[in-house]
Amino acid sequence: MKDMNGRFGALCVALVLAATAACAPSAPSAPGPSVKDLCAPRALDPTQAVLHANLQARLESTTTEAMTQQGKPGGFAGFIMPALLDIYEATGDTAYLDRFVTLGDRVLAARDDKAGLRDYRGRSAAQWSTTVFNAQGSRPISFLIDDARLVAPLARFAALTAQRPCLQGLRQGERAFDAIARTYVLAAHETLAFHATENWRAETAQGVHIGYFVTSHDADFIAPDMPGKPVPLNYQAMAGLAYLYMYKATGEDAYAERATRLSNFIQLEFVDAAAPNTLTWPYWPKMRYAPGRGWAVADTSRFSYHQPDDLNHASVTIDFLTAMAADGVGGVRLQDLQKITNAFHKLVHNKSPVPIYMDGSGPPAGRYASLYGRMASLAAFQPEIWEPVCSVVLRERGFGEAMYPPEEDQRARAIASVARLLLTAPMRQGAKASLADCVAD
């Protein structure tokens, strides 16, 4: 395989010099809305209007707080940024893009190489290092999930700008949006390349080309059995989303190739669930086709567990797979999206209380059920899933302030959850005029 980091580096030099619109990918495989439609303000139906009003009330206080959480990589901002983009796409109100840019700039200013911070090796690089989640809290290290969660929305902003010429001339201060998009593409490339340089693996398994990320070879201070093992599937999926948005922003096939390899890797982890025509997957990749490479029952890491993925983390993977399928990139199987929908119907939504694991097992999800809204992305292919997801999100804690936990990162996740319900509401089957039925389900 050719050195993709070198290819991406040359690409990004060109991006700095070229207009974002010139880098737009070729026409999508299926016809979508016209540019005129994409740029027009959207009329909200009654359900969307209620969701939007709820989000507006929370964002008035939350966004300002989020912009101050620079010491918590991927925590607050990593959920607020995609929520702002979801709300923009749902409403067409570019004020949300203005908020996004303000937050995106602050996030970039907090990156190690911009803020003068160093990790456990003494590197000041294109990462957001942290001392959270390692056994020796004084050794800062960056995690792929946090960094990808921050750069994926930056790349998505650039993709939206490339696809919608009406956005390119908009300005924040002295900068036009297309210039901001070029800055964000370069920043996203730098962070993805930083993680890929040592920890990206590409190979063939089960007759398909796969790619995945592993934990750094010297990161045994996190847990002794983690170096060299594949990181969790939601980490892989979040990086895949970033690569997909980079492809949409630039048209560079190398990004699509990496996103495809990651989706193939994830799909090899699928296993049948208990109910007919359903599937599930583990949190930690098993790599059953390569014994000793993935996570086995014998592994003893304090982070290692062998239950199916929980619905909060699984929603990241679902978001990635549905985005890949919607854009016709990679080989995501529509029948598998149907099986995931079936699993939610049969094994999660129909149980009270809602379980925490996607195969219907485990303890009650409790307040964490309010974070599952991103699973509504499946409505693009399975419209019937929207109402059950809405029901699960809202019935546990009601609709209003009570559904937003007081903890900063959990509150931000809940905002992202409701924003995804807003974005996907037009796709639902048998649209309801009010959320009352959804809460009562």
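The model is predicted; local features need pLDDT of at least 70, side-chain atom pairs count only at pLDDT 80 or more, and totals for chains, interfaces and linings use all residues. Residues are numbered from 1 along each chain as its sequence is written, and side-chain values use heavy atoms, with hydrogens and water left out.

A search of the whole structure gave twelve aromatic pairs. Rings of Phe, Tyr and Trp (its six-membered ring) pair if their centres lie within 6.5 Å; planes under 30 degrees apart count as stacked, over 60 as edge-to-face and the rest as tilted. Tyr120 and Phe221 are edge-to-face, because their planes stand at 65° with ring centres 4.9 Å apart. Tyr120 lies in the loop between helix H6 (112-115) and helix H7 (144-163), and Phe221 in the loop between strand E4 (208-213) and helix H10 (233-250), so the pair ties together parts 101 residues apart in sequence. Helices (H or I, at least four residues) and strands (E, at least two) are DSSP runs, numbered from the N terminus. Tyr120 is buried at 15% relative accessibility, and Phe221 is buried at 3%. Buried means under 20% relative accessible area, exposed over 50%, partly exposed in between (1.4 Å probe, protein chains only).

Tyr212 and Phe265 are stacked, because their planes meet at 15°, with centres 4.8 Å apart. Strand E4 holds Tyr212 and helix H11 (residues 253-267) holds Phe265, 53 residues apart. Phe265 is buried at 0% relative accessibility.

Charges also sit over rings (NZ of Lys or CZ of Arg within 6 Å of the ring centre and within 35 degrees of the ring normal). The charged end of Lys229 is 4.8 Å from the ring centre of Trp295. Arg428 lies over the face of Trp386, 5.3 Å from the ring centre.
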